[in-house]
Amino acid sequence: MKKFNQYTLLMLLAGGTLASACSSDDPTPSQLTTDKYVLITLSDRVSGNKAGFISAFDELPTGTVSNSGAGSLEGQGMGGWRTHGNNIYKMFRTSDYATGIEKINVAADGTVTAGQFIASKNPTEADKYFGTGNFVIKDDNLGYYWDAAEPTKIQKFNPSTMSNIGSLDFADAINERGEDGTGINFRAIGQKFLAIKGNKLFANLTYAKNTTSQGQIGFFDDFYPDVYIAVIDLGTETHEKTIAIKNTGSIAYINENHMYDFDTNGDLYIVCQGRSAIGGQSKIVRIKANETDIDPSWELDFAGDFTDAYNGKFVGVFAKGGELILTVNTGPLTGGPNGNINSANIWKFYAVDVASKAFTEITGVPVGTNPGAAMAAVEVDGKILLRGSTVSGENGYYEYDPASHSAELLFNVNVGGAVSGFHKIEVQ
Amino acid sequence: MLTFGTTYGQTLQFTGTVQDEGGQALAGASVHIGEEVAPQITNQSGTFSFSGLTSGSYTLRVTHVGYLEYTQAITLERQKTDIAVRLVAQSTMLEDVTVTGKTETQQAREQAIRAVVVDTRAIAEQPTTLAELMNRSPGIRIRQSGGLGNIVDVSINGFQGNSVQYFRDGIPLEYLGGGYGINNVPINLLERAEVYKGVVPVSLGGDALGGAVNLVTRRHVGTMLDISYEAASFNTHIANIAAYHSNASNRWFVGVDGFYNYSDNNYKADVEVINESANPTPATVSLFHNGYRHYFLEAYAGISNRAWADELKISLARYDIDRESQHPALMTNPYGALMVYNQGWVPSLRYKKNIGGKLALDQFVSYSILNRSRVDTVGGTFDWFGNFTPHGGIGESPRRSLSDIDFDNIISRTNAAYDISETHRLEANVVFNHNRRVGEDPYGMRFNGTDIDILSRAAIYAKTIAGITWESKWLDGRLTNQLVGKFFHFRTRGINGFMANATDLDHYTSSANSNWGIGNAMKYTMGDRHLLRASFELTNRLPRENELFGDNDTRAPNFDLEPERSFNANLGYRYQTPTLALEVTGFYRKTSGMILLIPVQPPFAQYQNLDSIRGYGFDIDISYRIGQYLRLNGNATWQDNRMVDVGEGTHKWIEGTRLRNTPYFFSNVGLAGTFPSLIWQDDRLKPYIHWNFIREFYLNHIPRDQEPGGFLGLFGKAGVPVTNVVPNQHLLNAGFTYFLPAQPISVGVEIKNLADAKLYDYYKIQRPGRSFHVKINYHLTKKS
């Protein structure tokens with residue numbers, strides 16, 4: 001009897017172990033498939049270091065999934081991420097939140113690891129400013145990024161070898177305006193906005209009022225009422241001209257969320273958050289597909305086209321087929337420690353018809369928290385997925401139906417924190 | 001004791017001095033040299049004298065409560081023979097439960113409110129820091145961010161940061177402004193350190209949640225001089241002086257305590273340097289801007305044994321700390337010029353009086369004038385090799401600064417104890433603390449839309465903590481009970497100067513909060529060998545001034561902060577024989593509204609009430625005497641503190657995860673010996689070796705079902721590969737102290753981190769590797 005009990009116990013334990021190992025929704029390395037669905041979450045309620053997880057799933061997740069498993073990557077800096085082809089990069093190093101560009105490796109068995117890292121040339125100097133590692137990738141072997149240690153230059157890097165391959169100095173272009181001593185305390189190019197359209201690199205020019213003792217330099221502290229963008233010809237790598245977005249401020253951010261996007265026809269839409277962290281003069285502008293100037297005939301003004309007052313801002317844009325998907329605050333924004341901007345369920349999805357500028361609420365996806373550090377809308381397998389994350393517990397991606405302007409839950413994440421991004425890659 | 005005396009018909013004199021291990025005179029020691037000779041009792045200077053002896057052989061036997069008996073065969077031949085005897089405190093070997101008298105250190109160990117007593121006096125000759133000593137104690141983990149002089153944090157049952165409070169002789173250490181603390185005071189100046197886990201005695205007058213450290217200074221008698229000097233790796237120099245004199249009738253006294261610490265702290269550390277491709281590559285460099293210089297000097301004088309005062313003591317302390325800052329929060333990039341200064345003048349007054357043998361009064365008051373400054377004005381940056389690159393501008397860190405901040409701090413502590421009877425005692429304690437901050441920083445924050453320095457407007461913080469204890473003894477004294485009630489109150493006044501706020505510079509924000517706490521502790525002794533303790537406390541930790549005011553930089557004020565509130569319960573059992581001592585302690589805690597620094601709006605962060613923790617744990621402490629000369633110590637601590645009350649929502653999964661960035665298992669094993677008369681007669685060699693282990697722990701929350709498995713989670717790795725981990729660590733220290741015979745000199749030698757292991761108390765802040773330390777101690781006591 002005693003022996004029977006021991007064997008029974010062993011079988012029960014073995015059975016239980018097998019049963020727990022068969023949980024299909026855990027991102028456990030198992031199959032050597034080539035398609036991987038990569039999910040990023042921010043795990044911490046309070047950390048300023050963007051702690052979180054990245055996991056790779058063999059199939060498009062459905063139901064409820066955990067983002068923490070045997071093949072996941074745990075660490076810091078789970079923000080500022082962008083994709084190029086089958087590669088994922090982010091602006092912070094997993095091990096210590098250092099700013100730069102880190103490549104994320106996904107193995108065929110689904111194991112996610114932190115790869116090579118491009119740091120600032122002078123991390124001490126770069127630490128004084130925010131934005132080092134703001135980058136854009138042109139092709140497999142060439143990308144551009146900003147290093148705060150050399151603020152008037154744009155750095156070049158090879159995204160395959162993850163090494164700096166030189167820099168372009170645009171001090172002359174920056175200094176076309178603004179005299180020393182005028183109140184401009186910091187000048188830079190490409191700190192917040194880098195985009196490649198055609199063979200042109202568009203890079204914002206920072207003319208900042210802040211000093212190091214007044215908060216983040218270059219963010220919500222524009223000296224000029226207009227936002228300036230340098231247009232750089234990538235064939236000659238020279239400054240071609242400078243264009244301006246009139247009467248706004250704070251172009252993009254550091255591209256964590258899509259702060260600019262290309263429509264199907266190649267038109268580029270750019271978000272300007274406005275005068276302050278809680279808005280004012282926020283707008284979205286357009287550079288048409290074959291143009292290099294701001295389209296004077298079209299802009300989406302927060303106060304004129306969405307509400308009657310500048311009591312909020314646009315915080316991202318997703319463009320497809322002449323329709324923009326935006327998240328916009330449902331009530332006046334408040335900042336500071338107890339403000340609603342980052343902690344309340346106030347951000348609602350809208351579909352905006354580019355031609356008519358009509359706003360249509362997207363139903364089915366919850367009004368949630370700020371997607372500022374997350375991918376609010378992504379396209380995977382031809383599906384448009386909307387991030388729905390609320391303080392009350394909804395936390396996943398919702399599949400959007402453009403025809404009905406409605407969304408339906410695709411998958412929910414129960415472990416690992418607030419969803420931050422989702423992307424499909426093919427492992428080579 | 002047998003005595004073998006041989007007479008040769010001469011009359012001789014035999015004199016001597018009895019001292020403790022620290023070289024201090026021991027009054028009241030009983031000295032025997034045979035049945036035929038009347039025993040002597042040492043006087044205030046620790047001296048004794050026999051006369052009219054005949055030449056021959058005797059056996060000297062010296063006893064003193066709280067110390068091991070000392071015996072030595074002596075031969076008297078000359079007309080006068082002088083000898084020096086050093087007694088070893090029983091607490092440094094093993095307590096003998098049969099003694100009827102106990103040292104204060106022993107008494108502290110056996111209070112109803114349990115204290116882990118770190119007996120600094122017993123090993124004062126070792127080149128050891130107080131933090132290292134405390135790290136060898138059960139349930140206590142000291143975490144230090146770097147080398148000598150760097151800030152330390154004490155973790156007690158998972159409580160840390162401001163949840164743990166520090167005292168010096170019962171007075172909150174704030175009054176000494178950082179000039180005196182567990183990270184800098186040499187152990188020579190201390191009698192012991194008491195670490196309270198769980199209930200904190202009313203006499204300490206603190207608002208600690210579950211932990212307190214009381215540094216007990218040495219008490220002196222007669223005339224003495226104690227000097228020590230330590231030289232160590234990394235150009236480290238530590239000097240200490242304590243001098244004291246009282247007149248023969250002990251009616252007045254003067255004294256001075258002081259120390260000087262200096263270290264380049266230029267140990268090697270693993271860092272990263274950036275190559276031409278902008279990739280970080282590993283490098284091992286010597287830290288070049290990590291130095292620390294600190295002196296503390298306190299002179300005092302007083303009168304004693306008067307009709308109106310048992311003691312009235314006036315003190316004046318002065319300290320000055322200069323600290324180089326090598327890196328920001330993590331060892332990620334170097335600074336080469338940033339300096340932090342801290343200095344202060346601290347006059348204080350203490351009055352003690354026992355009235356009628358029933359009522360004991362103890363009043364302390366101090367007015368501290370402190371100044372702190374952070375200087376970051378260099379126009380460029382340094383690399384890890386110390387090379388400077390000018391960049392223009394001001395400051396090498398993100399926070400350029402030339403601050404000059406004054407703090408005025410008044411502390412009053414009143415303690416009164418009344419013996420109702422032999423079995424009942426009442427004790428009341430009130431601590432009042434008033435702090436005012438005002439200063440300037442030409443590069444600091446300004447009120448929004450103005451050029452007015454935030455520091456220029458005064459911020460005021462005051463708190464009152466009162467408590468009362470009823471101590472009673474029952475069952476013929478076998479059961480001791482302490483019932484504790486406490487009252488907490490704070491008020492603050494300042495300008496809510498958060499950058500994004502529409503600040504009204506004429507409008508001062510005030511806030512106040514009051515709370516009550518209650519606790520009970522009991523001790524039950526069973527025979528001579530068993531002791532049981534049980535206690536609980538419901539208490540509060542008031543927000544600190546820096547948490548309410550913020551700083552003049554990126555920490556925004558929050559005048560809405562509320563006290564943290566905590567319940568803790570503790571149970572302990574102690575078993576003791578002449579060769580074995582064993583103590584097992586368990587705890588339970590529930591803490592709500594923990595005050596944490598939370599990012600609010602880049603680059604600002606603010607203290608808010610957030611996390612709640614529930615936990616339990618235990619520690620076990622064993623001491624075993626091996627033969628006559630060796631003692632083996634070991635302890636292990638396991639804690640299971642976990643997040644609770646996270647609530648529904650996206651982060652519900654955090655519920656039940658382990659308290660992050662907090663060690664949950666650590667253990668120590670030590671072997672120490674005492675070998676007398678090794679080279680010369682009456683010399684002593686005391687070798688020791690200590691091993692310390694810390695189980696890996698994680699910087700961030702890890703799902704509970706993916707924590708390492710095995711017994712108590714002590715084995716293997718987490719189920720999810722964790723990047724931000726502080727790995728398993730082993731620290732091995734070994735050394736010896738050597739006492740010259742009949743001389744007031746001893747020498748201590750120690751090698752720390754013998755295996756040259758890479759050690760971290762905090763993520764990515766490396767501690768020193770192997771280092772060598774030599775310490776010379778000189779103790780002189782004037783004989784009467």
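Before we start, one definition: domain bounds here come from an automatic or database domain assignment. You're looking at a predicted model, in which local features need pLDDT of at least 70 and side-chain atom pairs count only at pLDDT 80 or more, while totals for chains, interfaces and linings use all residues. Residues are numbered from 1 along each chain as its sequence is written, and chains are lettered from A and ligands numbered from 1 in the order in which they are written.

**Exercise 1. Work out how chain A is divided, and how its domain 1 meets its domain 3.**

Step 1: find the domains. In chain A, domain 1 covers 26-86 + 104-113 + 377-428, domain 2 is 120-251, and domain 3 is 257-372.

Step 2: get the spacing. Taken over C-alpha atoms, the centres of domain 1 and domain 3 of chain A are separated by 23 Å.

Step 3: look at the contacts. Two residues are in contact if their C-beta atoms, placed from the backbone, lie within 7 Å. By that rule, 16 residues of domain 1 of chain A touch 16 residues of domain 3 of chain A.

Step 4: name the elements. Helices (H or I, at least four residues) and strands (E, at least two) are DSSP runs, numbered from the N terminus. On the domain 1 side, β26 (383-389), β27 (395-401) and β28 (406-415) of chain A each give two or more residues, and β26(A) has the largest share with 5 residues.

Step 5: sort by class. Ala, Val, Leu, Ile, Met, Phe, Trp, Tyr, Cys and Pro count as nonpolar, Asp, Glu, Lys and Arg as charged, and the others, Gly among them, as polar. That side of domain 1 of chain A then splits into 8 nonpolar, 5 polar and 3 charged residues.

**Exercise 2. Describe the open sheet of 4 strands in chain A.**

Step 1: recall the pairing rule. Two strands pair if DSSP finds at least two bridges between them.

Step 2: read the order. In chain A it runs β9-β10-β11-β12, with antiparallel pairing.

Step 3: check the edges. β9 (135-139) and β12 (163-169) of chain A each have a single partner strand, so one side of each has no neighbour in the sheet.

Step 4: From one strand to the next it averages 25°, with axes being lines fitted to C-alpha atoms, for helices over the stretch in contact, and angles running from 0 to 180 degrees between N-to-C directions.

Step 5: zoom in on one pair. Strand β11 (residues 153-158) of chain A joins β12(A) over 6 antiparallel bridges, and A:Lys156 sits opposite A:Gly166 in β12(A).

**Exercise 3. Find which strands pair with β20(B).**

Step 1: take one partner. Strand β17 (residues 252-263) of chain B pairs with β20 (residues 292-304) of chain B over 12 bridges in the antiparallel sense. Here B:Gly255 has B:Tyr300 as its bridge partner.

Step 2: take the other strand. β21 (residues 311-324) of chain B pairs with β20(B), again antiparallel, over 13 bridges. B:His294 stands opposite B:Ile321 in β21(B).

Step 3: inspect the turn. β20(B) and β21(B) make a hairpin with 6 residues between them, and B:Asn305 in the turn has a positive phi of about 55°.

**Exercise 4. Is B:Gln19 buried or exposed?**

Step 1: B:Gln19 is in strand β1 (residues 12-19) of chain B.

Step 2: apply the cut-offs. A residue is buried if 20 or more other C-beta atoms lie within 10 Å of its own, exposed if 12 or fewer, and partly exposed in between, with C-beta atoms placed from the backbone. B:Gln19 has 22 within 10 Å, so B:Gln19 is buried.

Step 3: look along the chain. B:Thr781 is 762 residues away from B:Gln19 in sequence, yet their C-alpha atoms are separated by 8.9 Å.

**Exercise 5. Describe the side of chain B that touches chain A, then check the confidence.**

Step 1: count. 53 residues of chain B are in contact with 49 residues of chain A.

Step 2: find the elements. β36 (595-601) and β37 (604-609) of chain B give two or more residues to this side, and the largest share, 5 residues, comes from β36(B).

Step 3: sort by class. This side of chain B has 26 nonpolar, 21 polar and 6 charged residues.

Step 4: check the scores. The predictor gives the complex an ipTM of 0.89 and a pTM of 0.85. pLDDT is the predictor's confidence in each residue, from 0 to 100; its mean for chain B is 87. Residues 1-9 of chain B stay under 50. Where pLDDT is low, the predicted coordinates should not be read in detail.
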